[in-house]
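Open the model in your viewer and keep the selection tool ready.

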Amino acid sequence: MEVTNRRILVLGGAGLVGMAVCRELLKHGPAAIIVGSIDEASARAAVEVLQQAHPGTPTDLIPAWGNLFVREEFKDLPPATLSRDPATRAILLRDLYEEMSGENRADILHSNALYRLIRTQQPDGIVDCINTATVFAYQNVYESAQQLLALSVTDPDNLVGVVEQHLTRSSIPQLVRHMQILLEACRADPAEGYEGVKVYIKVGTSGTGGMGLNIPFTHGEERPSRVLLSKSAVSGAHTLLLFLMARTPGAPIVKEIKPTAAIAWKRIGHGEIRRRGLPIPRYDCPPDAAYPLADALGRNGQFGQPIEGALEATFIDTGENGLFSANEFKVISSLGLMQFVTPEEIAESAVYEIRGGNTGNDVIAGLDATVMRSSYRAGFLRHVAVERLDALAEEHGGDVAAFEMLGPPRLSKLLYEGEILHRAMGTTAAILEATHDQLSQRACDVVERDCGLRSAAISVGIPILLPDGQRLLRGPEIKADAPADGWIDLRPAHMEQWQRWLAAMLEEARRDADVGELSASSAFARSFSQPGSWAIPDTFDVGEMVAWIFRNPDQGERIKG
């Protein structure tokens, strides 16, 4: 995608890498850059710095801020405090763990800060520089687990609140919900006149700066650190979800740049040393005030004597990773340790990729190139397997349409409905010529007389809704809560839906065949569009028919081989 005259959203745009990305984008004349940050002050400060560095730029620089992983109403609250209030915590847990379907889906999407930012600003491209893995993993589920285990013995009455807080720190549910919301936010919406996000570039992390499990840089935890490895695990999961998003129809082009070294630097100076935004207070403990060892153990406590002022020193600012002393920087950047990469190099790769270039640094492309695909041998042998399966089914006088092990229940529902229609009508022509009331009655007749088919369906958890819509045939288990999700639906209105599907399949087959010499070329690989396979008088293959429904009306087709 060409950046010129486009709207680009830079998430984490006020950070070290985000600012470098904004500066690189400005070279290409975008119409607008939306500079995102966690708080209003840093977002506005970043925009001011960019305006000062690029006076007279025609690009509209727009500050945006807030915690994008929660509801809009919570986005400006301190993240650490969100789970403390029981009412807020209940909303967080609902947003995180409820299924994103029905009314829940609309509420979760439209209340979410990230969804609303994207839909309000309607960017053409997104460069995501937020360290998502750190945000989720560094909530430290291990710490909350220890609190939970201790409380179960000492204060069982407060277990519910601590369990709920523990659940709010679980990183994988947060990552999954984030990806669900991101995908939907990026999709085109014709009703809103939104064409969707064209390109999404993630600046990710390896979690260890490219080092192995022997990484010596921790915060005093065990080595290797559980929290640090959780960050790497979440980062890896994030990459694979992006890999899947890149294979989703309607999603933007997805790429990820994953630096595997320390990122430095923002500035070098001398002054007050701050940790987590706060100055480090100074203390003294002269030898004549030494504490007995037995009394002085423990990482925290009221020890030492406060002295005037905050800690000051020469430092190198590495952005989100904090301030390092000269010697700390020498160690971490030393050959054979973490080493480092500059934010400008990352920004150049990100912007080159967003413009359609190939840097060789896109890990999604790397996965695409190296994953093992379906094979020619398997495709050849599929025919052998299908012939053997069909022959055995015919030998034994029909077979069970689905066992409900593959899932979802909707698949089993459709396979049973297709089998019922096949036994009731025999041909596509007969199905299309009948009225939907006739089709409903004929299908019901099959269910009434065919105990084997009826028993198989309800035995695997697929109930049968009779044509009146008021009676249900079922066994002890039902796999889905609604007809569309996993009930055999014999009502006339649903039979009419099957007629529409069949008509659309046949129209597609006719359209493919009505293109002259091209119809006999390799342009069409679908089995139902081969000559003779789907002519009006012919019978139909239930499995191939349901496969068409999954690929087309259900929009489940893969877009990469």
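Select helices α3 and α8: α3 passes α8 in a left-handed crossing (left-handed if the near helix is turned anticlockwise from the far one by less than a right angle, right-handed if clockwise). Helices here are DSSP runs of H or I with at least four residues, strands are runs of E with at least two, and both are numbered from the N terminus. This is a predicted model, in which local features need pLDDT of at least 70 and side-chain atom pairs count only at pLDDT 80 or more, while totals for chains, interfaces and linings use all residues. Residues are numbered from 1 along each chain as its sequence is written, and side-chain values use heavy atoms, with hydrogens and water left out.

α3 covers residues 86–97 and α8 covers residues 159–168; they pack at an angle of about 45°, with their axes 10 Å apart. Axes are lines fitted to C-alpha atoms, for helices over the stretch in contact, and angles run from 0 to 180 degrees between N-to-C directions. That angle makes α3 oblique to α8 (under 35 degrees is roughly parallel, over 145 roughly antiparallel, 65 to 115 roughly perpendicular, and the rest oblique).

Show side chains next. On α3 the contact is made by R89, L93, L96 and Y97, and on α8 by G161, E164, Q165, L167 and T168, where contact means heavy atoms within 4.5 Å.

Now select the cysteines. How many disulfides does the structure hold? The count is zero, a disulfide being a pair of cysteine sulfur atoms within 2.5 Å. Go to C186: the closest cysteine sulfur, in C129, is 15 Å from its own, too far for a bond. C186 is buried, at 1% relative accessible area (buried is under 20%, exposed over 50%, partly exposed in between, with a 1.4 Å probe and protein chains only). For C444, the nearest cysteine sulfur is that of C451, 15 Å away; C444 is also buried, at 6%.

Move on to the backbone.

- R223 and P224 are joined by a cis peptide bond with omega about 0°; P224 sits in the loop between β5 (199–203) and α10 (226–245).
- G407 and P408 are joined by a cis peptide bond, omega about 0°, with P408 in the loop between α15 (376–395) and α16 (409–425).
- N140, not a glycine, has a positive phi of about 60°; N140 is in the loop between α6 (132–137) and α7 (141–154) and is buried at 18%.
- Q339, not a glycine, has a positive phi of about 60°; Q339 lies between α12 (326–332) and β15 (340–341), in a loop, and is partly exposed at 33%.
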